[in-house]
Amino acid sequence: MNAWLVLTSALLLGSLGFTVRRLIKRKSESLLEDREALTDDEIYQRFYASSGLEREAVAGLWHEVAHILRVPADRLRPTDEFGKDIGAYWITSEELDVLGETARRRANRKGAAVDLASIRTVDDYVRQLATCRVPSD
């Protein structure tokens, strides 16, 4: 009897977790679907033209975020918050862990100091990582 109760409870909690995770992900997807699609050039012109950042660096990082988080790059915005607007899940997001690890490796390869804990938005990610430069000898 106790085994059935434990099994039933585990199945119920698993189902609840799956349902909540799916609802949160769907909400995030809906937010993105309602936006105007922007090309890489439009993204750069609207948000980064006066930043001094290289267009290719911005586009590469922008697409890196989109690819890892499995969201459409043309619907992202600089103000999108990780764990809230994109990469939002119930308890944790494996994709956000992968994105953080990708950022850490990029910074390490370039010998740059990047404060990963301060990266909260797509804009933070792009600006911090686009300015990573290989130290001069």
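**Threonine 102 and its surroundings**

Modeller: Leaving aside residues up to four places away in sequence, threonine 102 touches Glu64, Ile68 and Tyr125 (contact means heavy atoms within 4.5 Å). Before going on, note that this is a predicted model, where local features need pLDDT of at least 70 and side-chain atom pairs count only at pLDDT 80 or more, while totals for chains, interfaces and linings use all residues. Numbering starts from 1 along each chain as its sequence is written, and side-chain values use heavy atoms, with hydrogens and water left out.

Threonine 102 sits in helix 4 (a helix is a DSSP run of H or I with at least four residues, a strand a run of E with at least two, numbered from the N terminus). Its relative accessibility is 14%, so threonine 102 counts as buried (under 20% relative accessible area; over 50% is exposed and in between is partly exposed, with a 1.4 Å probe and protein chains only).

Further along helix 4 you'll find arginine 106. Arginine 106 is buried because its relative accessible area is 18%. Skipping residues up to four places away in sequence, arginine 106 touches Leu61, Glu64 and Leu129, so Glu64 is a neighbour here as well as for threonine 102.

Now follow Tyr125. Together with Val65, Phe82 and Ile86, Tyr125 touches the most other members of the largest nonpolar core, which has 29 residues (buried Ala, Val, Leu, Ile, Met, Phe, Trp, Tyr and Cys joined through side-chain atoms within 4.5 Å). At least two residues of this core come from each of helix 2, helix 3 (55-69), helix 4 and helix 5 (122-130). Helix 3 gives the largest share, seven residues.

With a relative accessibility of 0%, isoleucine 86 counts as buried. The C-alpha atoms of isoleucine 86 and valine 65 are 9.7 Å apart, and the two residues are 21 positions apart along the chain.

Tyr125 and Phe82 also show up in the lining of the largest pocket, alongside Leu96, Leu99, Gly100, Ala103, Leu116 and Ile119. (On a 1 Å grid over the protein atoms alone, a pocket is an open set of points where a 1.4 Å probe fits, with protein on both sides within 12 Å along at least five of seven lines; lining residues have an atom within 4 Å of a point.) Helix 4 (residues 94-109) supplies the largest share of that lining, four residues. The pocket's volume is about 160 Å³, volume being the space filled by probe spheres set on the points. Sorted by class, the lining has seven nonpolar residues, one polar and no charged ones.

Arginine 35 lies in the loop between helix 1 (2-33) and helix 2 (40-47), and its relative accessible area of 18% makes it buried. Arginine 35 touches Arg75, Leu76, Arg77 and Asp80, again not counting residues up to four places away in sequence.

Zooming out, the chain has five helices and zero strands. Of its 137 residues, 34% are buried. Among contacts with a separation of 6 or more, 61% join residues 24 or more positions apart.

Note on methods
Nonpolar A, V, L, I, M, F, W, Y, C, P; charged D, E, K, R; others polar.
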